[in-house]
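Take a moment with the sequence and the 3D view.

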Amino acid sequence: MHCEQRVWSAGVWQSRGQPSEPAALAAASLVLYFGAPGTLDDGARFAELAARYPGAHLVGCSTGGEILGREVLDDSVVALAMQFAGTPLATSRVRLERACGTTADESRRAGSKLAAALPREGMRGVFLLSDGTHVNGSALVRGVREVVGDHVVITGGLAGDGSDFKQTWVGVDGPPERGCVAAVAFYGERIRIGHGSAGGWDSFGPERRITRSEGNVLFELDGSPALALYKRYLGPRASSLPGSALLFPLRIQRGPGERPVVRTVLAVDDAAQSMTFAGDVPEGARAWFMRASHDALVEGAEAAARSARTASDSEITILVSCIGRKLLMGQRVADEIECAIDAVGPTAADRTIGFYSYGEICPSEHDGAADLHNQTMTVTTLDEA
Amino acid sequence: MHRLLQRQLAKARRPDGSLDPDVLVSLVGRAYEEHDEQRAFEAHTHQVMALELEELNQSLAAEAQARVEQILRGMRDGVLVCDDTGAIVSLNAAAADLFGLPESALQGTRFGDRLEVDAEQRLGDAAFAARIVRPNGTRIPVEVTTSETRIGTSLSRIAIARDVSERRSQEAALRESRAFLSSIIDNIPIGIVTKSVASGMRVVQWNLASARMYDITQDEAMGRVGSELSNHELVNVAAIHEAKAMECRQPVFAFGERFTTRGGRDLILDLQFIPLLDELGGVSHIVSIADDVTQRVNAERRLQHQQIMLQAAQSIAKLGSGLIDVRTRDAVLSDEMHDLLDVPGGTKTTLDDYLDVVHPDDMAAVQAALAELGQGKPISLEHRLRLSSGVVRYVAVHAIVSEYDAERRPRTLITTLQDVTRQRMDQNALLQAKDQAEAANRAKSAFLATMSHEIRTPMNGVLGMTSLLLDSALDPKQKRYADLIKFSAENLLVIINDVLDVSKIEAGRMEIGEAEFNLAELCDGVLERVRPRADAKGLALALEVVGALPPALQGDGPRIRQVLVNLAGNAVKFTEKGSVTIQVAATDEGPHRRHLRFAVKDTGIGIAPGAQERLFQEFMQVDDSATRRFGGTGLGLAISKKLVELMGGEIGVESEPEKGSTFWFTLNLAVLTARPQTLRASRHGCTVAPASQARLGARILVAEDNAVNQLVVEGYLTEAGHQVTLVADGYEALERVRQGAFDLLVIDMQMPVMDGLEATRAIRALGGVAANLPIVMLTANAMDSDRRRGMEAGVDDYLAKPIDRQALIEAVQRLTLHTDLPSLLTRPPEINDGQFGDLLHTLGPARLGVLLGKAKLSLDAQLLEVESGASCGDQARVARAAHTLRGAAGSIGLAAASRLAHALEDGAENARDLVERLRAEVHAGLAVLEQRVQVAS
């Protein structure tokens, strides 16, 4: 598959890897782009990309860190243009009903609406990008899944805002906006879509129970304010909440025998002593704090990539990794990127793009149904037969 | 090279490829910082986690402790922890309660010191029974379990003490209940024997009733098998049934088994053999229950016999019986009852079914009887049934209420029903025969009565003419013949009268009158009647009175006189020498009645006791020879007896042969007024005024159609010195009276043209002086009803034919003469002299004398009327008579009498006193006036 990697940094666009044919570039059908906070606000970067790839659908969002090839970048915009030979595409976009505090029901309706705007015939996969701070990701994915069905592969992620958790931007075939959800759907027999997702986190400390919550807002664990507990564990890092809360994601099990999920914090409210998570934190569920070591995270990323690879040499690799992993690993975060790329294939770096997100979307290993994940490395591969 | 370092080197290169050392140093330094921060953060995390886990641990421990304490608090068992020396370290509240001491007082003391360990138990055992001794001395039975725990190096002993007093008391109650049950089993009058299967059917229970029933004691029976106890056949029977019960595992019954006890009593037993099952379902015991039904069976047999007898008796007597439920009306009937009602046996029958076959003509009577029964009265009646087959039966029904409900309303009735059709038919035939006989007898009596009546009219002629003949100038021979005729005629008349009386009695036509009469006068009359014959036989004749005789009695005077004459006549007849005494004794029976006893004593031949009974029967004399010897019909005493009985009295005789007889009778009569009266005839006096006192030359009109009777009456009256005018019928009499100038009318009741009654009524209706003419009626009808009709018509006296000369003369005298002056008047009568003077001047002494005579009659009549009215409280009658009296008295100048009459007319309260005073005033006044008239002439 023909593709081109571009990076905008310090005010200049540059190409990476082998430059493509100009004619082929003009015929690019899809461009994914991810930009650091502040780089997408004015729509200039979008306009520049739209001018370079006039026939393509342009889909992108803001991030907690950009990935292009083997590199993890900050303060940049990265883009990957793809030319599909025999795969029809369609895009859709919805605005959230409210700018903030979207309920689970509203998020689910948004997902349904988004999917309903896409043709259903021959649909094989959907790549989702969503506002990262005001949406209930689990509900959103459920809404999409209910419309398209479980046979369609749904992957994607929630946009990021560095480690600030304030505002995120999402755009499809237009300048990126706040409070927006975008989707691009892949159709036809030729498209091959691979996916994999893994965390590498371990639970620690005593088992806790969610004693008070509303949707994705957590108030109390074991009858005490959850925020106070987090602050106690964060110690000096409590001052950098809500980002620092990513160091202690929450593992949640609704009932005995059910699939545990990992949830990360999106926002905190000191006045209400509450914490908003990227997905549901139902009352009565069991919960554990989680932590991870550097090596475990890297091994997780490698495992996700192995699961996603399609055994061809021309596949596109999209990496969506959690901002929490980047916070934990610091400069060594690139280790997980390198391991993931190496797991996909020797030349994969030239066709790889990704970002650090506020939530990852991927079919679950447990039952194959797409869901929101936190603190994972999620890998999607695209190729045409 | 380390990847990180490679990336750092790559990042530190300038665009020209040279290395920027400052950037590299910064990157490396930053990497170390990141590493240190990471380490520090991990350490912090571990610390926080350790702290949290410890907190958690503590809270769990505290929770566990609290839970243990809660359990210990909630436990009803006492829990104590002791150290290795046995001292109490801690205890729960239940333990403190058991010991009856606060926890603080028990801590540190030795557990064992406060226990009394039961015998054969040891304090150190893992479980033992003991009693806790409380400070107040009470003891609580407990079961203690102990265990040892080693915590570290120290050994603790934990004791759990359970209060078993309730269980002990339950056990005691259970023992008591078992004893109670056993006592019931022993005392129940049913033989209960239990045999154990495991021991080969040996007796394990033998209650007292069994001991009594079989004459085998409990001691003898326990532990034995049946064959060891008796060789009676019953043992085999029992064994067979026991085996059957064991096999089918169900109770087995045997009824009416006969058994002779060791003591020789014959019993009849109902037996049950009940298998008892153990936990595995096998038969462990057989309980045999024996019910002594000897008495019941014998009673049932007796009952059966009685039933058979009853049934047979009912069948023989054609007597059915039934039991009726009043509420449902259902009837249970005996077999015979079914036969009687023509209903098949076993048919469901109700009272209504019975009523359906009651003969319609008898339904009202049956319903009335049922109503009485409904009020609890026993009933007996005979009625007819008309059965569905059309057969009519006479039945005698008797019924009683046999059972009442709580409100005393009849619940069940018992009734008997006997077929009396046969008897009823026989009875009907008898009744018919009797009716026929009685009818024949009545015809005979009527014939006799008619004949007697017909005979009396000619007898009147015979007697009358004979009397007149004897008064004429006859030679001695003629006189003797005439006397014989008279004697024979009188005897014949007596016989005829007797026959007439008997006929009347038999025909039921004898009537007893109710009129005022004077007993003293009556007795005098009787004496006079029998005196001639007594004198002829030289017998003394006397009247003795005991007690005061009332002046006026109500009753049938003539009949009393007839009885008394009969008895006195008999006494004279059967007494040859000595005396005949009539005794009259009067005793009070309350203020208005008198009991009278009449006795006639003679010194005659007497009567043998055996003959006395027959005396009062018809046609009986003591013997037939007496009839021949003494004459008479023999009817006298029978008639007397009937008459006395008809008047409500008794009659009898006391007699000894050759010593005389006393014939007596009693009567109970009403007294008319309380007026005392001396008995004028208590000596040999006579109520009849002496002839010298009789008013001579009264003008008497005689109305009589029969020529013979005209001659007789005219003869008697002319002989007595009266002037007689004869007419032949009532109409002629009325015309003559209307013309006036008569002092008295003698009139026959039955005459052509106008009879005596009609003529009397017409005369009374004339008004004026003529209306007050005294009238004497003659009749051949000796019936009281005639007398009553005469009195109602207005006659003053009444005489039966044949006419008794004496009676006629008396009546004339009474009605035309004044009687004695009454004694009531204490002052001279008040006369209106002016009025009387005018009368005397106008009429002259002679005519005024006649007028006074008539006025006296009228006044007497009205006085009687006033008196009668007052005695019966009839004020209208009093007023009417008093009004007449007032006018009559006033017109001849009797002023005071007129005033008194006026007062009575106005309804004065003391009517009776006023009547007495009025009578006195009238009589005294009249006497004065007559005197004046005599003086004037």
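Are α16(B) and α17(B) roughly parallel or roughly perpendicular to each other? Keep in mind that this model is predicted. Start with the geometry. Two packed helices are described by the angle between their axes and the distance between the axes. Helix α16 of chain B covers residues 519–537, and helix α17 of chain B covers residues 557–573. Angles under 35 degrees count as roughly parallel. Therefore α16(B) and α17(B) are roughly parallel to each other. The crossing of α16(B) past α17(B) is right-handed.

Now look at the residues in this contact. From α16(B) come, among them, B:Leu522, B:Val526, B:Arg529 and B:Arg533. From α17(B) come residues including B:Ile560, B:Leu564, B:Val565 and B:Val572. The contact of α16(B) with α17(B) has nine nonpolar, three polar and four charged residues.

Move to chain A for another pair. Here helix α3 (residues 104–116) of chain A packs with helix α4 (residues 137–148) of chain A. Their axes come within 6 Å and cross at roughly 40°. α3(A) also passes α4(A) in a right-handed crossing. On the α3(A) side, the contact includes A:Ala104, A:Ser107, A:Gly111 and A:Leu114. On the α4(A) side, it includes A:Leu140, A:Gly143, A:Val144 and A:Val147. By class, the residues of the contact of α3(A) with α4(A) are eleven nonpolar, four polar and four charged.

Next comes the sheet. Strands of a sheet pair through backbone hydrogen bonds, either parallel or antiparallel. Chain A has an open sheet of six strands with mixed pairing. Its order is β2-β1-β7-β3-β4-β11. Which strands form the edges? They are β2 (12–16) and β11 (170–172) of chain A, and each pairs on one side only. Neighbouring strands of this sheet are turned by 15° against each other on average, direction ignored. Zoom in on one edge. Strand β1 (residues 2–9) of chain A pairs with β2(A) in the antiparallel sense, over five bridges. Find A:Trp8, which stands opposite A:Trp13 in β2(A).

Last, go to where the chains touch. Chain B gives 14 residues to the contact and chain A gives 13 residues. On the side of chain B that touches chain A, the elements giving two or more residues are α1 (3–12) and α2 (21–74) of chain B. Of these, α2(B) gives the most, with eleven residues. This side of chain B has seven nonpolar, two polar and five charged residues.

Methods
Residues numbered from 1 in each chain as written. Chains lettered and ligands numbered in written order. Predicted model: local features only at pLDDT ≥ 70, side-chain atom pairs only at ≥ 80, totals over all residues. Axes fitted to C-alpha atoms, helices over the stretch in contact; angles between N-to-C directions. Helix = DSSP H or I, 4+ residues; strand = E, 2+ residues; numbered from the N terminus. Left-handed = near helix turned anticlockwise from the far one by under 90°. Contact = placed C-beta atoms within 7 Å. Nonpolar A, V, L, I, M, F, W, Y, C, P; charged D, E, K, R; others polar. Parallel < 35°, antiparallel > 145°, perpendicular 65-115°, else oblique. Pairing = 2+ DSSP bridges.
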